[in-house]
Amino acid sequence: FWILFIIQFMLNVSWNFIFFNQHAIGFALIVIISLTVLVGYYLFSFLSDMKFKSLLIVPYLIWLLIATSLNAYSYLKN
């Protein structure tokens, strides 16, 4: 549980640095796809244990899907 949280946190922080500071859009896309998959895995794997509490992560997952699509658009158009 904690390992997934730490990995998620590191991916989240590193994506901001890679995308906004380094402008490495392709690598940032790989990082944010990994982050989105990890959060989706986290949501569905702990759904049976945490019941409705795990649904609190759904807005974050939706935001990640939007950010991933924007990152992909930026990568494909530049």
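Alanine 67 lies in helix 4. Helices and strands here are DSSP runs, numbered from the N terminus: H or I with at least four residues for helices, E with at least two for strands. Alanine 67 is buried, with a relative accessible area of 8%. Buried means under 20% relative accessible area, exposed means over 50%, and partly exposed lies in between, with a 1.4 Å probe and protein chains only. Leucine 29 is 38 residues away from alanine 67 in sequence, yet their C-alpha atoms are 9.5 Å apart in space.

The model is predicted: local features need pLDDT of at least 70, side-chain atom pairs count only at pLDDT 80 or more, and totals for chains, interfaces and linings use all residues. Residues are numbered from 1 along each chain as its sequence is written, and side-chain values use heavy atoms, with hydrogens and water left out.

**Overall layout**

The protein has four helices and zero strands. From the N terminus on, the order is α-α-α-α. Along the principal axes, the C-alpha atoms fill a box of roughly 40 × 20 × 15 Å. Of the 78 residues, 33% are buried. Contact means heavy atoms within 4.5 Å. Among contacts between residues at least 6 apart in sequence, 60% join residues at least 24 apart.

**Helix pairs**

The table lists helix pairs with their axis distances and crossing angles. Axes are lines fitted to C-alpha atoms, for helices over the stretch in contact, and angles run from 0 to 180 degrees between N-to-C directions.

| Pair | Axis distance | Crossing angle |
|---|---|---|
| Helix 1 and helix 2 | 9 Å | about 155° |
| Helix 2 and helix 4 | within 9 Å | roughly 160° |
| Helix 1 and helix 4 | within 13 Å | roughly 30° |

Angles under 35 degrees count as roughly parallel, over 145 as roughly antiparallel, 65 to 115 as roughly perpendicular, and the rest as oblique.

**Helix 2 and its partners**

Helix 2 covers residues 25-45. It has 21 residues and reaches 30 Å from its first C-alpha to its last, close to the 30 Å expected at 1.5 Å a residue. That expected span is 1.5 Å times one less than the number of residues. The buried residues of helix 2 include Ala28, Leu29, Val31, Ile32 and Leu35. Further along, Leu38, Val39, Tyr42 and Leu43 are also among them. The buried residues of helix 2 pack against helix 1 (2-21), helix 3 (47-50) and helix 4.

Take helix 4 (residues 58-77) as a partner. Helix 2 and helix 4 are roughly antiparallel to each other. Their crossing is left-handed. A crossing is left-handed if the near helix is turned anticlockwise from the far one by less than a right angle, and right-handed if clockwise. Residues of helix 2 in this contact include Ile25, Leu29, Ile32 and Thr36, and those of helix 4 include Leu61, Leu64, Ala67 and Ser74. By class, the contact of helix 2 with helix 4 has 16 nonpolar, six polar and no charged residues. Ala, Val, Leu, Ile, Met, Phe, Trp, Tyr, Cys and Pro count as nonpolar, Asp, Glu, Lys and Arg as charged, and the others, Gly among them, as polar.

Helix 1 and helix 2 are also roughly antiparallel to each other. Their crossing is left-handed. The helix 1 side of the contact includes Leu4, Ile7, Leu11, Trp15 and Phe19, and the helix 2 side includes Phe27, Val31, Leu35 and Tyr42. The residues of this contact divide into 16 nonpolar, four polar and no charged.

**Helix 1 against helix 4**

The crossing of helix 1 and helix 4 is left-handed. Gln8, Asn12, Trp15 and Phe19 of helix 1 meet Tyr60, Asn71 and Ser74 of helix 4. This contact of helix 1 with helix 4 has three nonpolar, four polar and no charged residues.

Serine 74 sits in helix 4. Serine 74 counts as buried, at 16% relative accessibility. Leaving out residues up to four places away in sequence, serine 74 touches Phe19 and Ile25.

**Loop residues**

Histidine 23 lies in the loop between helix 1 and helix 2. Histidine 23 has a positive phi of about 55° although it is not a glycine. At 58% relative accessibility, histidine 23 counts as exposed.

Lysine 51 is in the loop between helix 3 and helix 4. Lysine 51 is not a glycine, yet its phi is positive, about 55°. Its relative accessible area is 52%, so lysine 51 is exposed.
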